[in-house]
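Try each task before reading its solution.

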Amino acid sequence: MYVGVFILADAWLCSSILHAKAYSNYSSMSLLDEVRKEYNYSVLKKHDPQLDELIFTSSICDVYEFDSSVDSWVQKHEKGTLFFYSTKGITPFSILVLNRLGPTDFKLGITPALQSAYNREIAMAAEMQDSTIMIQKANDVYGLWLFEESDRAKLLQLIKMCIASGKCY
């Protein structure tokens, strides 16, 4: 069974490379990066049909949640590739961590401050604490630890821009 899956993935990858070579005029991104982004998009679309544009990925992310009853961080059983993307839904941006440890994925909608104010909700907030990105949404606080140090600042900047302006570029 697994052999068939790998053959199917390889066939898809080869056809994507040929498609990209035939129709590409990509100057800033390598062909492999573009194929990887296209593949990630198709996988992510199955998890969130509201997906509009894939903006950022990071290969390894651990998810934590702050437990106010014991005043400490609890590591959730969600670890995997992080995707930051725009959606066509009510919440314009989302973070999704495809879980390698179990069947449930971590998903968090990023709500711009104006939309929160309009809906009379507490505005979201994000900051870096030590090496972890802290995100507060209503009464919930999540911590995202990314393995790639350079990815941490990039993701934090994207989240803050989306909260502040409703745009991330």
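**Exercise 1. Decide whether Cys162 is buried or exposed, then do likewise for Cys61.**

Step 1. Cys162 has a relative accessible area of 0%. Buried means under 20%, exposed over 50%, partly exposed in between (1.4 Å probe, protein chains only). Cys162 is therefore buried.
Step 2. Cys61 also comes out at 0%, so Cys61 is buried.
Step 3. Count disulfides, taking one as a pair of cysteine sulfur atoms within 2.5 Å. The count is 0.

The model is predicted: local features need pLDDT of at least 70, side-chain atom pairs count only at pLDDT 80 or more, and totals for chains, interfaces and linings use all residues. Numbering runs from 1 along each chain as its sequence is written, and side-chain values use heavy atoms, without hydrogens and water.

**Exercise 2. Find which element gives the most residues to the lining of the largest pocket.**

Step 1. Define it. A pocket is an open set of points on a 1 Å grid over the protein atoms alone, where a 1.4 Å probe fits, with protein on both sides within 12 Å along at least five of seven lines; lining residues have an atom within 4 Å of a point.
Step 2. List the lining. It has 12 residues, with Arg36, Lys37, Asn40, Phe56 and Thr57 nearest the centre.
Step 3. Assign elements. Helix 2 (31-47) and strand 1 each supply at least two. Strand 1 gives the most, 6 residues.

Conventions:
Helix = DSSP H or I, 4+ residues; strand = E, 2+ residues; numbered from the N terminus.
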